[in-house]
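Please examine the sequence and the predicted model shown below.

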Amino acid sequence: MHSNIINFDTIDSTNTYALEHFENLEDKTVITALSQTKGRGRFNRVWVSENRENIYLSIVLKPSKKDFLPNITQYMSVCCAGVIETYNVKAQIKYPNDVLVDNKKICGILCESYLKNNIIQGVVLGIGVNLNMPQSVLNTIDRPAVSLNIITGENINRQEFFNKLVNEFFNNYDDVIQNGFASFKEDYILRNNFLGKNVYIQQRDNDIKENFFAQKMDDNGNLVVIGNDGKEKTIFSGDIIL
Ligand code: BTN
């Protein structure tokens with residue numbers, strides 16, 4: 001089992017803690033909490049984090065080779081999907097790194113860089129997984145969301161899921177740092193729910209949704225699409241809306 005784990009009962013956000021203490025935390029430290037008071041998502045969204053039987057964790061990563069760090073969120077989505085599948089539940093990945101079950105979000109990933117003098121020192125990779133949420137709380141989330149207990153009809157053991165996820169992540173982590181997207185491309189594509197479809201893409205900094213045909217993933221983990229003008233375009237950031 002992974003040895004470097006810091007457990008909190010309640011914290012503002014495991015990502016915030018990891019960023020604030022980044023320089024004093026060792027590479028591969030896992031920070032976890034039973035609940036968060038200010039759980040954060042991508043695009044400054046709130047990540048609902050009161051439930052004490054979900055996963056809220058952040059991993060401090062400071063590899064010397066940093067070229068493939070941008071692919072680490074996609075790798076984590078593959079790990080999370082793989083663990084969900086051990087409960088006999090089919091998980092899908094929506095570009096770049098959302099994990100969905102029955103087309104509803106079950107897991108979110110937020111990766112933040114730590115910079116010193118404008119130079120990247122590493123990242124904090126945060127993940128939240130809905131394990132044991134009552135349907136009434138899921139209904140309050142502004143986008144379609146689901147929890148593993150609802151799918152299986154049984155309470156999910158948080159510690160067991162946590163151990164599986166952390167082990168799965170570190171099993172092939174070194175390979176991903178060395179070889180990037182290529183080392184898990186097949187597993188990612190196997191679970192995708194967007195290739196070969198017409199999708200809307202919402203770029204990070206504006207609200208405009210553009211329509212594309214999602215053609216393929218390139219070897220760097222970027223989505224290649226075809227626009228209405230017939231031209232190929234590589235999408236480096238943005239969210240897919242199916
Ligand atoms: C998203 O889909 O918008 C990303 C959600 C990320 C949530 C996790 S929970 C643990 C870590 N701490 C946070 O404040 N956020 C991430």
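Seven strands build an open sheet in the order β1-β2-β3-β7-β6-β5-β4, and their pairing is mixed; two strands pair if DSSP finds at least two bridges between them. Strands (E, at least two residues) and helices (H or I, at least four) are DSSP runs, numbered from the N terminus. At the edges stand β1 (5–11) and β4 (92–94), each of which pairs on one side only. On average, neighbouring strands of this sheet are turned by 20° against each other, direction ignored. β1 and β2 (residues 30–36) run parallel and are joined by six bridges; T32 in β2 is the bridge partner of N7.

This is a predicted model, in which local features need pLDDT of at least 70 and side-chain atom pairs count only at pLDDT 80 or more, while totals for chains, interfaces and linings use all residues. Residues are numbered from 1 along each chain as its sequence is written, and side-chain values use heavy atoms, with hydrogens and water left out.

Two helices are now considered together with this sheet. Helix α5 lies across β1, β2, β3 and β7 and runs at about 25° to β3. Angles here run from 0 to 180 degrees between N-to-C directions, and axes are lines fitted to C-alpha atoms, for helices over the stretch in contact. The axes of α2 (residues 72–85) and α5 (residues 158–179) come within 9 Å and cross at roughly 140°. α2 is therefore oblique to α5, given that angles under 35 degrees count as roughly parallel, over 145 as roughly antiparallel, 65 to 115 as roughly perpendicular and the rest as oblique. In the contact between them (heavy atoms within 4.5 Å), the α2 residues include I72, Y75 and M76, and those of α5 include F161, K164 and L165.

A second open sheet has five strands in the order β11-β10-β9-β8-β12, with antiparallel pairing. Its edges are β11 and β12 (239–241); each has a single partner strand, so one side of each is left without a neighbour in the sheet. From one strand to the next, the twist averages 50°. Four bridges join β9 (residues 209–217) to β10, and these strands run antiparallel; the bridge partner of M217 in β10 is L223.

The loop between β10 (223–226) and β11 (232–235) contains N228. Is N228 buried or exposed? Its relative accessible area is 70%, so N228 is exposed; buried means under 20%, exposed over 50% and partly exposed in between (1.4 Å probe, protein chains only). N228 and N15 lie 213 residues apart in sequence and 39 Å apart in space, C-alpha to C-alpha.
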